[in-house]
Amino acid sequence: MKKIGVIGAGSWGTALAITLAGKGHEVKIWDLDKEHLHSLREKRENVRYLPGIRFPEGMQVVETDEEALAGVDVALFSAPAQHFRAAFKSALPYIPDEAVIVNVAKGIEKGSLMRMSEIAFEIDPKARYVVLSGPSHAEEVGRLLPTTVAVGSRDRALAEYVQDVFMTDRFRVYTSDDIVGMELGGSLKNIIALGAGISDGMGFGDNAKAALMTRGLVEIKRLGVKLGADPETLSGLSGVGDLIVTCTSMHSRNRRCGIMIGEGVDPKEATRRVGMVVEGMSTTEAAYSLAQREGVEMPITEAIYQIITGKITAAEAEPLLMGREKKHERDENL
């Protein structure tokens with residue numbers, strides 16, 4: 001059994017901590033929000049983000065990131081993507097050199113347009129970095145419902161190590177060596193989930209949502225391949241798998257946010273009402289900039305960017321997408 005420190009006690013960090021502690025690992029979890037930490041410790045439950053699920057005995061709530069990371073074998077980062085840089089920088093002095101870094105945030109940093117692994121390696125070129133991603137709602141993982149994910153690293157042995165640490169009879173883990181594909185698949189699908197929610201909120205039905213998901217995957221693959229991803233990865237758990245679950249479930253905060261936007265709620269107000277970080281909002285802005293930089297055409301992403309930045313309404317986006325020049329479905333230049 002391993003010593004594991006979890007940085008970030010949102011729904012996903014808590015669900016993974018519960019899973020790992022339930023397996024018998026020694027798990028310490030910490031969060032920047034002191035009031036939230038106090039609630040976690042007093043109630044032995046994350047009533048804010050994952051209510052109704054009690055913490056296992058082997059899961060400790062601690063006061064500092066230093067305490068969470070002292071002597072750990074695995075440092076698990078579950079901070080929101082836009083805060084990963086700060087969280088990793090702050091925690092790095094306390095992480096043992098031989099410890100494995102596992103990051104589960106899904107996003108692209110605004111401004112730098114960097115993926116989470118790029119940030120980690122910029123800060124610590126020797127980081128033993130592994131990404132964990134796939135179709136995995138925290139609400140179901142915390143309740144120990146069957147879930148399958150993938151872990152990716154440039155070092156196959158590291159990926160297999162993390163696979164063994166996390167694998168249970170209800171949490172199946174595959175390995176990958178394609179960090180680029182895994183991180184982009186997990187990030188970009190949130191944009192399409194916003195779009196699927198907007199479509200649902202406008203009452204467009206299943207046909208429109210299926211089209212958005214399918215054509216959205218084309219955009220994900222187009223940008224992913226341009227940036228070095230293996231297209232097979234984007235057809236796997238961290239691509240198509242995550243896309244399906246995020247676009248179709250009410251557990252998805254991105255879809256819920258999109259539904260409200262489609263119903264006419266202001267994007268900022270919709271985000272506030274969700275009550276948690278909506279990664280797709282920041283990722284849409286970053287991906288739009290990436291597409292512009294790389295010269296990649298992403299019409300769905302561009303339409304969602306224009307909606308959430310107030311340049312057009314959701315109603316105005318529909319004719320822009322439906323009225324585009326006719327194409328062959330497999331035309332690479334779509």
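Is L113 buried or exposed? Select L113: this residue is buried, with a relative accessible area of 14% (buried means under 20% relative accessible area, exposed over 50%, partly exposed in between, with a 1.4 Å probe and protein chains only). L113 sits in the loop between β7 and α5, and its phi is positive, about 60°, although L113 is not a glycine. Helices here are DSSP runs of H or I with at least four residues, strands are runs of E with at least two, and both are numbered from the N terminus.

Before moving on, a word on what you're looking at. This is a predicted model, where local features need pLDDT of at least 70, side-chain atom pairs count only at pLDDT 80 or more, and totals for chains, interfaces and linings use all residues. Residues are numbered from 1 along each chain as its sequence is written, and side-chain values use heavy atoms, with hydrogens and water left out.

Next stop: R44, in the loop between α2 (34-43) and β3 (45-46). R44 also isn't a glycine, and its phi is positive at about 55°. With 22% relative accessibility, R44 counts as partly exposed.

Now pick helix α1, residues 11-23. Its 13 residues reach 19 Å from first C-alpha to last, close to the 18 Å expected at 1.5 Å a residue (the expected span is 1.5 Å times one less than the number of residues). Eleven of the 13 residues are buried, so α1 is largely enclosed by the rest of the structure. Among the buried ones are W12, L16, I18 and L20. Step off the end of α1 and you land on G24, whose phi is positive, near 115°.

Time for salt bridges, of which the structure holds 16 (a side-chain nitrogen of Lys or Arg within 4 Å of a carboxyl oxygen of Asp or Glu).

- E122 and R85: their side chains meet at 2.7 Å, N to O. E122 is in helix α5 (residues 116-123) and R85 in helix α4 (residues 84-91), 37 residues apart. E122 is partly exposed at 48% relative accessible area, while R85 is buried at 19%.
- E285 and K110: this salt bridge comes in at 3.8 Å, N to O. It links E285 in helix α14 (residues 279-294) to K110 in the loop between β7 (100-103) and α5, 175 residues apart. E285 is partly exposed at 30% relative accessibility, and K110 is partly exposed at 39%.
- D242 and K189: the closest N and O atoms are 3.7 Å apart. D242 lies in helix α11 (residues 237-248) and K189 in helix α8 (residues 179-201), so the pair ties together parts 53 residues apart in sequence. D242 is buried at 2% relative accessible area, and K189 is buried at 5%.

Last stop: show helix α9 (residues 205-226) with helix α15 (residues 299-308), whose axes come within 8 Å and cross at roughly 105°. Axes are lines fitted to C-alpha atoms, for helices over the stretch in contact, and angles run from 0 to 180 degrees between N-to-C directions. α9 and α15 are therefore roughly perpendicular to each other (65 to 115 degrees). For the contact (heavy atoms within 4.5 Å), select L212, R215, G216, E219 and R222 of α9 and P299, I300 and T301 of α15.

Terms used:
Parallel < 35°, antiparallel > 145°, perpendicular 65-115°, else oblique.
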